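Thanks for making time. I have one structure to go through today, and I will keep to what can be computed from it. Please look at the model first.

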Amino acid sequence: MTENLKGISGSMFAGKTELLLKEISRTEMAGYKVHVFKPSIDTRWGLYEIHSHSGGSHAATPINHPYEIIEQLETDADLVAIDEIQFFEPEIIDVVRFLLDQDIRVIFAGLALDFRGESFGSMPDLLALCDEIERPSAICQYPIPEKKTGKCGAGATRTQRIVNGQPANYNDPIVLIGASQEYEARCPNHHEVPGKPKPKIK
């Protein structure tokens, strides 16, 4: 194991959890012990597992606060894997640094940007600490009827929230757990956020 801290960052439907699961599997196959954590608010596929949209899964410990990682960590863990890390409080940064100081490797997956297209939680600080970063992209689902696929199809780095068939307003709550019925992957050109303030240049 060469990297101490690895981050996987992208939009929804980019395959972040799938990449995390592959890293977990490789580490376990090599004979190392992995302890997986997730935020307890993410119950889309049950409370005690992480799931990828392609169907992969792994048992996980749900937690409410970052400090619970230290409290519940198995003593012989070689790697700590954290899914949906953007939902945790800023203390997650200190927890990750504590684990690294204990010579425990850490890998995490999370959204770099929220539905507004702005930095999500502590992701900027966590990514700045990483020894390695993977940035998978999804496929833009913006409807374009005249195209063969009926969709844009460009690389998607944004997460589009849809409410009652329309783009969510900038002032809507940041955290809303959902899947395809509430979110779409979008490219920057087709990412829509009604009510978003324009940049102010003095």
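This is a predicted model: local features need pLDDT of at least 70, side-chain atom pairs count only at pLDDT 80 or more; totals for chains, interfaces and linings use all residues.

I will take the pocket, the cavity, the annotated positions and then the nonpolar cores.

Let me start with the open space. The largest pocket holds about 340 Å³. Its lining is made of 33 residues, and those nearest the centre are Met12, Lys16, Arg44, His53 and Glu84. If you sort the lining by class, you get 15 nonpolar, 11 polar and seven charged residues. Among the elements involved, α1 (16-29), β7 and β11 (158-163) each give the lining at least two residues.

The volume of the largest cavity is about 70 Å³. Its lining includes Thr17, Lys38, Asp42, Arg44 and Trp45, and also Glu49, Ile50 and His51. Which strand gives the most to that lining? That is β3, residues 49-51, with three residues. By class, this lining has six charged, three polar and two nonpolar residues.

Next, the annotations. UniProt, in an unreviewed entry, has a "binding site" feature that covers Gly10, Ser11, Met12, Phe13, Ala14, Gly15, Lys16, Thr17, Asp83, Glu84, Ile85 and Gln86. From that set, Thr17, Asp83 and Glu84 are part of the lining of the largest cavity. Gly15 sits in the loop between β1 (5-10) and α1. Gly15 has a relative accessibility of 25%, so it counts as partly exposed.

The unreviewed UniProt entry also places a "binding site" feature at Val175, Leu176, Ile177, Gly178 and Tyr183. Val175, Leu176, Ile177, Gly178 and Tyr183 are in the lining of the largest pocket. Taking Val175 as the example, its place is the loop between β12 (166-167) and β13 (183-186). Is Val175 buried or partly exposed? It is partly exposed, because its relative accessible area is 44%. Leaving out residues up to four places away in sequence, Val175 touches Ile41, Phe87 and Arg161.

Ile85 lies in the loop between β6 and α3. With a relative accessibility of 1%, Ile85 counts as buried. Setting aside neighbours within four places in sequence, its contacts are Ile92, Phe108, Ala109, Gly110, Met123 and Leu126.

That brings us to the nonpolar cores. The largest one has 22 residues, and the members that touch the most others are Ile69, Val80, Ile82, Ile85, Ile92, Leu99 and Phe108. At least two residues of this core come from each of β6 (79-82), α3 (91-101), β7 (105-111) and α4 (123-129). The largest share is from α3, with five residues. A second, separate core has 12 residues, including Ile8, Leu21, Ile24 and Ala60.

Methods. Residues are numbered from 1 along each chain as its sequence is written. Side-chain values use heavy atoms; hydrogens and water are left out. On a 1 Å grid over the protein atoms alone, a cavity is a set of points where a 1.4 Å probe fits but cannot get out, and a pocket is an open set with protein on both sides within 12 Å along at least five of seven lines; lining residues have an atom within 4 Å of a point. Grid points are joined across faces, edges and corners, and a volume is the space filled by probe spheres set on the points. Helices (H or I, at least four residues) and strands (E, at least two) are DSSP runs, numbered from the N terminus. Ala, Val, Leu, Ile, Met, Phe, Trp, Tyr, Cys and Pro count as nonpolar, Asp, Glu, Lys and Arg as charged, and the others, Gly among them, as polar. UniProt positions are given in the numbering used here, feature names are shortened, and annotations may be inferred rather than shown by experiment. Buried means under 20% relative accessible area, exposed over 50%, partly exposed in between (1.4 Å probe, protein chains only). Contact means heavy atoms within 4.5 Å. A nonpolar core is a set of buried Ala, Val, Leu, Ile, Met, Phe, Trp, Tyr and Cys residues joined through side-chain atoms within 4.5 Å.
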